[in-house]
2 protein chains.
Amino acid sequence: MINLSIDAFGGDHAPDAIIAGVALAAKKRPDLQFLIAGKEDEVSPLVARHASLGGRCAFVDVPDRIPGDMKPSQALRQGKNSSMWAAVQAVADGRVRAAVSAGNTGALMAISKLRLRMVEGVHRPAIAAIWPTRTGFATVLDVGANVDADVDQLIEFAIMGEAYHRAIHGVAHPKVALLNIGSEDQKGHEEIREAASRLKDPALGLTFCGFVEGDGISSGEVDVVVSDGFTGNVALKTAEGTARLVGAFLKDALTAGPISRLGALIASPGLLKLKARMDPRAVNGGVFLGLNGLVVKSHGGTDDIGFAAAIDVAARLAGSDFQAEVAHRLSIRPSNEVVSDREDVTGVK
Amino acid sequence: MINLSIDAFGGDHAPDAIIAGVALAAKKRPDLQFLIAGKEDEVSPLVARHASLGGRCAFVDVPDRIPGDMKPSQALRQGKNSSMWAAVQAVADGRVRAAVSAGNTGALMAISKLRLRMVEGVHRPAIAAIWPTRTGFATVLDVGANVDADVDQLIEFAIMGEAYHRAIHGVAHPKVALLNIGSEDQKGHEEIREAASRLKDPALGLTFCGFVEGDGISSGEVDVVVSDGFTGNVALKTAEGTARLVGAFLKDALTAGPISRLGALIASPGLLKLKARMDPRAVNGGVFLGLNGLVVKSHGGTDDIGFAAAIDVAARLAGSDFQAEVAHRLSIRPSNEVVSDREDVTGVK
């Protein structure tokens, strides 16, 4: 059995979509049990509606919810009785293997850092996203835990991302690259060039492939793409927006006239497969890396299907050895690094 | 008549694709004349092949070409007899209204800055890209002239981009936004937040809409998206990669079986329209803003159709009042700004 905690009051469509997502995930994986954090009198009737959840949910009754626009520092001060806090605390207490929340990202990161603490040797956690490519999936990090990253942090992100990708996708030697604005050695920020030269060190044990440009993420040429959180977040959102734009153009094209509509109808099995492949809900679930405990962040606007996908990511991670893998990799990292300790966005040291 | 200079030896497929592109553009616009820069004995036979170019080309015979991997500083020292230099020099000399090159971006920017100089009040030039959206086209800048931008530069980019968008698309009051990782006021780098607060100043005369996230670029919610050059370049390339990925998925879907293939055949008029709409060549042409002279950068890997599109951008700009518009807007900018003067990537002050 794998136990997961659920922030029932995080996300735009909470708690209805959250509980419906839990029910979907429960149907798919009979080995999951859930600790539902939130106002029990509001969520238990929702849980009762789903036969698949019978006997598989426990509750942590807490009155508060963290609003989407609350600052991380405020969430730390005022959020102790919130559903988000309770979900993370359950990981810290060892009651569950992982927490899943669709709530405020900054608040979730701040609370997670405070309650779970960072893995020894990690100075900033990162959020890793799953990115569809021509050949499967890439791991992209950081996609928004931080607004910047220095050389040491980029190297930590590379180590964590590589271990994570191996644990999740079973790739023995994931190819790692740094996101840059050109593939030549002299391109980009000084931090990136310095990080590239250090990532070549064989002692790190990474298959480092140098720089990749924005269009190299989805081409599948590498497995792990490392970036500062600002650039990574913009890239991720830009890709989502572009996929939606192309989808809208495709819809226009296939409804432009009766002949196109007929063709689309006939081709609908293929088009439905395309729709499933492009469904952003299928790749929902940003994983917090670098913490002593598993936290998965779902897209805030997600519905039940997307939330179930985030639960699935958490369940797969909970069943893998990725945390031991990350800790091991960080421990064998060459120790000649001067690690900075600047304060990050969440205000938590 | 509008005169344009052409760098015949810039780009991966020069000079063949370049001259073929000039011929295509010449057919479309009978009001264009061309000054072809490069080895005359190599390019004049190519020109002679195209009836549309009869009597419409002059030549600047120069022996060198700037390689794609040459550093900007090296191009400045060694590039004086290159096709790129000659094309830019023709703008500086007033022989042509604009230069078009598919060559090395950094070198083209460095040479352009040296020969054309920056507009009074501009401290860094920017490259503006045309970005397809749900409702038409957005202008995104900077997409790679610089690797960073401070507050003053972001404001200059906003002023230049807004004037450019108005001149090209005829929108009276383009909506301007800053690219960020959240739409709330407290999100992002300090520079971006400070720039946002200053862009609200009514004295600037801008319709400033605050922050936009990556997925807001293609949604069409704003007209001008302002970013540092690193993030803007990653966003642009990521969008290109995503469009290609979705195109490949679509092709897979429509060739998956005989029925899907039949449907695709019937829907082909609509699908061809989609293909045209998604053709990256149609939006080829990054415009250098902030210089005393017009330079348009074509994608290096472009073919004749893409290069013709870049020529079309140059021709439209040459016929507009956008440079006067930019100069005017910069001159009325409130003068309470402390402008920094850091060295940029090209090494040219």
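## A buried aromatic residue

Tyr164(B) counts as buried, at 2% relative accessibility. The model is predicted. Phe322(B) also counts as buried, at 3% relative accessibility.

## Aromatic pairs

Over all chains, the count is two aromatic pairs. In chain A, the ring centres of Tyr164(A) and Phe322(A) are 5.6 Å apart. Their planes stand at 75°, so the pair is edge-to-face. Tyr164(A) belongs to helix H6 (residues 151–169) of chain A. Phe322(A) belongs to helix H12 (residues 322–332) of chain A. The pair therefore ties together parts that are 158 residues apart in sequence. Tyr164(A) is buried, with a relative accessible area of 1%. Phe322(A) is buried too, with a relative accessible area of 3%.

In chain B, Tyr164(B) and Phe322(B) form an edge-to-face aromatic pair. The distance is 5.6 Å centre to centre, with 75° between the planes. Tyr164(B) sits in helix H6 (residues 151–169) of chain B. Phe322(B) sits in helix H12 (residues 322–331) of chain B. This pair links distant parts of the chain, 158 residues apart.

## Extent of the interface

Chain B puts 54 residues in contact with 54 residues of chain A. The size of an interface is often given as the accessible area lost when the parts come together. Here the area buried between chain B and chain A is about 4,800 Å². Carbon and sulfur atoms give 71% of that area. In chain B, the residues that lose the most area to chain A are Ile181(B), Phe230(B) and Phe249(B). Together they account for 14% of what that side buries.

## Polar and charged links

Between chain B and chain A the count is four salt bridges. One of them joins Glu213(B) to Lys237(A). The closest N and O atoms of that bridge are 2.3 Å apart. Ten residue pairs are in polar contact across the interface of chain B and chain A, with both residues at pLDDT 80 or more.

## The chain B side

H8(B) supplies the largest share, 20 residues. By class, this side of chain B has 28 nonpolar, 15 polar and eleven charged residues.

Methods: Residues are numbered from 1 along each chain as its sequence is written. Chains are lettered from A and ligands numbered from 1 in the order in which they are written. This is a predicted model: local features need pLDDT of at least 70, side-chain atom pairs count only at pLDDT 80 or more; totals for chains, interfaces and linings use all residues. Side-chain values use heavy atoms; hydrogens and water are left out. Contact means heavy atoms within 4.5 Å. Buried area is the accessible area (1.4 Å probe) that two parts lose on being put together, summed over both. A salt bridge is a side-chain nitrogen of Lys or Arg within 4 Å of a carboxyl oxygen of Asp or Glu. A polar contact is a pair of N or O atoms within 3.5 Å; within protein, one must be able to donate a hydrogen and the other to accept it, and residues adjacent in sequence count only if both atoms are side-chain atoms. Helices (H or I, at least four residues) and strands (E, at least two) are DSSP runs, numbered from the N terminus. Ala, Val, Leu, Ile, Met, Phe, Trp, Tyr, Cys and Pro count as nonpolar, Asp, Glu, Lys and Arg as charged, and the others, Gly among them, as polar. Rings of Phe, Tyr and Trp (its six-membered ring) pair if their centres lie within 6.5 Å; planes under 30 degrees apart count as stacked, over 60 as edge-to-face and the rest as tilted. Buried means under 20% relative accessible area, exposed over 50%, partly exposed in between (1.4 Å probe, protein chains only).
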